[in-house]
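The following note is intended for a colleague who is meeting this structure for the first time. Please read the numbered points alongside the sequence and the model.

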Amino acid sequence: SKPSVLVARAVFPEVLARLAEHFEVSDNQADATWSADELSARLAGRQGVFTTASERIDAALLARCPDLKIAANMAVGYNNFDLDAMSARGVLATNAPDVLTETTADFGFALLMATARRIAESEHYLRAGQWTKWSYDLFAGSDVHGATLGILGMGRIGQGIAKRGAHGFGMNVIYHNRSRLTPELEAECKARYVSKDELLQQADHLVLVLPYSPASHHAIGAAELAQMKPTATLINIARGGIVDDAALAAALKAKRIAAAGLDVFEGEPSVHPELLRVPNVVLTPHIASASVPTRLAMANLAADNLIGYLVHGKPLTPLNAAALNA
Ligand code: GLV
Ligand code: GLV
């Protein structure tokens with residue numbers, strides 16, 4: 001008989017149809033929000049699960065789902081997975097890298113530009129009927145071209161943002177990362193490696209693209225914000241929790257930095273109430289990878305991982321294959 005998989009969230013019907021060619025599929029096209037208990041109850045007895053960044057796969061769930069062999073995440077980030085617990089139970093984890101790199105870099109740049117040039121704030125003003133006359137400083141913001149672009153976390157998405165800034169906007173690109181790029185990649189990105197302190201102090205626009213882990217929790221808090229230029233903008237397209245949102249809201253309110261653009265939040269979909277009150281922040285609901293073709297490619301990659309592993313024994317983008325073979 002066919003293996004059985006659970007698709008934990010609503011997804012493109014054509015992706016469900018592909019899965020149904022290979023598996024007994026249980027879906028959630030109503031997109032109900034399940035508790036951890038409900039998720040593990042629905043998953044019990046099944047071999048595979050299609051997750052998004054919202055579903056947590058941890059030791060407690062795994063203990064209740066001994067038949068599970070693979071969890072395929074429709075996201076590049078996978079901090080919703082307890083990889084050690086999954087490896088210990090022999091459960092393969094896969095994510096969805098590469099297919100979203102350029103789309104996500106586009107969005108990082110769009111959020112940077114919207115923030116620097118105050119596009120959201122000025123649009124709200126116009127819609128509210130407050131535009132009665134032109135004036136010399138109406139929504140005057142900061143320049144993007146020629147400015148210093150700082151990037152914290154220089155993976156594929158960070159490199160995509162660096163290239164856009166350097167080649168498209170003549171920006172001076174600096175970055176900090178756990179490891180340095182090769183000289184070839186640094187040249188391709190026209191990016192210069194600096195310490196985290198230099199990055200904070202020199203960036204006119206600072207973009208965060210590092211993965212979330214306990215080590216990157218509150219990588220940007222009050223002390224880091226205090227090092228930034230008062231004219232600087234901060235962009236977070238990485239994960240909630242990398243920024244201390246309460247400290248950021250206080251810094252924006254006090255104009256210790258000029259503005260922020262945020263696609264991810266601590267405790268999302270809740271947003272810190274102070275962030276909703278300050279005008280100098282652009283807020284979007286975790287949509288950096290959300291172009292139609294890219295979301296479809298991410299869903300297909302998650303499906304291909306389930307099919308590849310459960311049907312052919314070969315996943316496409318495994319995260320813990322080495323631990324399982326050991
Ligand atoms: C989205 O946040 C992702 O990790 O793909
Ligand atoms: C992270 O994995 C990235 O692609 O930047």
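1. Just after helix α5, R118 adopts a positive phi of about 60°. Helices (H or I, at least four residues) and strands (E, at least two) are DSSP runs, numbered from the N terminus. The model is a predicted one, in which local features need pLDDT of at least 70 and side-chain atom pairs count only at pLDDT 80 or more, while totals for chains, interfaces and linings use all residues. Residues are numbered from 1 along each chain as its sequence is written, and chains are lettered from A and ligands numbered from 1 in the order in which they are written.

2. Helix α5 itself covers residues 101-116. The expected span of a helix is 1.5 Å times one less than its number of residues; for the 16 residues of α5 this gives 22 Å, and the end C-alpha atoms are 22 Å apart, which agrees. Among the buried residues of α5 are F107, F109, L111 and L112. A residue counts as buried if 20 or more other C-beta atoms lie within 10 Å of its own, with C-beta atoms placed from the backbone.

3. Strand β1 (residues 4-7) pairs with strand β2 (residues 24-26) in the parallel sense over three bridges; two strands pair if DSSP finds at least two bridges between them. Between these strands the chain passes through helix α1 (residues 13-22), and this β-α-β crossover is right-handed, that is, clockwise from the first strand over the helix to the second with the strands pointing away from the viewer.

4. Strand β1 is also joined by three bridges to strand β3 (residues 48-51), again in parallel. L6 stands opposite S26 in β2 and has V49 as its bridge partner in β3.

5. A seven-stranded open sheet has the order β8-β7-β6-β9-β10-β11-β12, with parallel pairing. Because β8 (191-193) and β12 (281-283) each have a single partner strand, they stand at the edges, and one side of each is left without a neighbour in the sheet. Four bridges connect strand β10 (residues 233-236) to strand β11 (residues 259-262), and L234 stands opposite A260 in β11.

6. Which residues surround ligand 2? They are V76, P97, T101, G155, R156, I157, G158 and V209, where the C-beta atom, placed from the backbone, must lie within 6 Å of the molecule. Helix α7 (residues 156-169) gives the most to this shell, with three residues.

Methods. Buried ≥ 20, exposed ≤ 12 C-beta atoms within 10 Å, placed from the backbone.
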